[in-house]
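Visitor: Please bring up the model. I have some questions about how it is put together.

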Amino acid sequence: MAKNSDGSRLTVGIIGIGNISETYLRNLTTLYSDSIDVRGCADIVPGRSAQAAEQWNLPNTYTSVADLLSDSAIEAVVVLTNPVSHFDVCLEAVRAGKHVYVEKPICATPTQARALLDQAQLFNVLVSSAPDTCFGSAQQLSLKVLKSGEIGKPVAGNAFMLCHGHERWHPNPGFFYAAGAGPLMDMGPYYLTAMIGLMGSVVSVQGSAQRTFPQREIQSLPLRGSSIEVEVPTHIVGVLTFEDGALATIVTSFDVWHSQTPHLEVHGTLGSLSVPDPNRFAGAVRVRRAADEHWEDLSTPGEEEVDLRGLGVVDLAQAVHQGIAPRLGGELGLHVLEVMAAIEESAQLGSSVTIKSRAPERSLLLSDA
Ligand SMILES: NC(=O)c1ccc[n+]([C@@H]2O[C@H](COP(=O)([O-])OP(=O)(O)OC[C@H]3O[C@@H](n4cnc5c(N)ncnc54)[C@H](O)[C@@H]3O)[C@@H](O)[C@H]2O)c1
């Protein structure tokens, strides 16, 4: 992405110094340092921010979130705390007059997200939310294929995120099985942001869900061998109806050991598009028109996956400087969250649930205005 038009940088503070913070700190202080100036960080656990500030050579160490928010030089915050605290932390930031980029999901419930966005409007600040993998080469190419009309109008889609849970690698995986998390709330934002970017807004959903294992055993260090009580469904199936009439399915699971299903496909009136893992920035984008005998790989040969997280913060910086809505604006985060919450609600009710929110008009394709 380009440098801000006036050459200035957005001064940010980072809140939440856990597992994913290293990627953000590395990328924001190196790859994106033309657009972003990281002034310091804060965490609820004493010592974490000082350690990160030293490691990444940040000018300031803050003793608390309130301390960071009281720094008038900070224009925006990057919130990397656990999802259950996103609402409280983001609200405090908004009320302190800071723009916000928050990791996914935007909040734990759509009601919280709506309240946060209303407050942001009141305080005249912008809120945007992850995931920013949509700005990687794979999804950008997929969006271009859709826009070109090569596969026609989308009529169907399917998405599969099947694995056996994050307790195999995350150092503190308990929160993935607590209220507000689970495979859909945790991984759904990648798949749904991609699908909504390609196929438009969702107007209603139906869901089915199960909690297969009431406890999970942690396999990663340092908590290996301890048990997690599972509070949420861990295998969730959703049927989505899009505003333009297309139908899609999404299956997210922490209960599946092995699978060969595609990550994401969009089927149009003239052909089909295969999109690689939406949790990654690169990968093979394949297209097969109605008469084609084989799938054609459109991606650049030899392109390697690089974790480019932070592109969403650059998107926010550009929006702030241009005085426009970010592409990953909070209304998109809210729409994704409402769809996920509605799938889970539908599974409980046994009937379909209508979606009230809509995705904003602004395209996720960077070459579009
Ligand atoms: N770990 C990953 O690979 C990954 C990848 C993409 C996105 N994410 C998202 O990033 C966010 C954080 O995930 P993580 O894996 O880094 O979690 P984590 O548990 O490793 O780290 C969270 C950090 O936030 C701090 N924290 C919690 N509540 C706080 C509060 N109220 N105020 C200040 N600090 C607080 C914790 O002390 C901890 O240091 C989540 O939204 C997650 O969905 C994580």
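Guide: This is a predicted model, where local features need pLDDT of at least 70, side-chain atom pairs count only at pLDDT 80 or more, and totals for chains, interfaces and linings use all residues. Residues are numbered from 1 along each chain as its sequence is written.

Visitor: How many residues of domain 1 are in contact with domain 2?

Guide: Domain 1 is 10-133 + 310-326 and domain 2 is 135-302 + 334-354, with bounds from an automatic or database domain assignment. Two residues are in contact if their C-beta atoms, placed from the backbone, lie within 7 Å. On the domain 2 side, 22 residues take part; on the domain 1 side, the count is 20.

Visitor: Which helix gives the largest share of the side of domain 1 that touches domain 2?

Guide: Helices (H or I, at least four residues) and strands (E, at least two) are DSSP runs, numbered from the N terminus. Helix 5 (110-122) and helix 8 (311-322) each supply at least two residues of that side. The largest share is 4 residues, and they come from helix 5.

Visitor: How many residues of that side are nonpolar?

Guide: Ala, Val, Leu, Ile, Met, Phe, Trp, Tyr, Cys and Pro count as nonpolar, Asp, Glu, Lys and Arg as charged, and the others, Gly among them, as polar. The side of domain 1 that touches domain 2 has 4 charged and 4 polar residues; its nonpolar count is 12.

Visitor: Which residue of strand 12 is the bridge partner of Ala159?

Guide: Two strands pair if DSSP finds at least two bridges between them. Strand 7 (154-162) and strand 12 (247-253) pair in the parallel sense over 7 bridges. In strand 12, the partner of Ala159 is Ile250.

Visitor: How many residues around the ligand are charged?

Guide: The shell has 22 residues, with Gly16, Gly18, Asn19, Ile44 and Glu103 the closest. By class, 9 are nonpolar and 8 polar; the charged ones number 5.

Technical notes: Near = placed C-beta within 6 Å.
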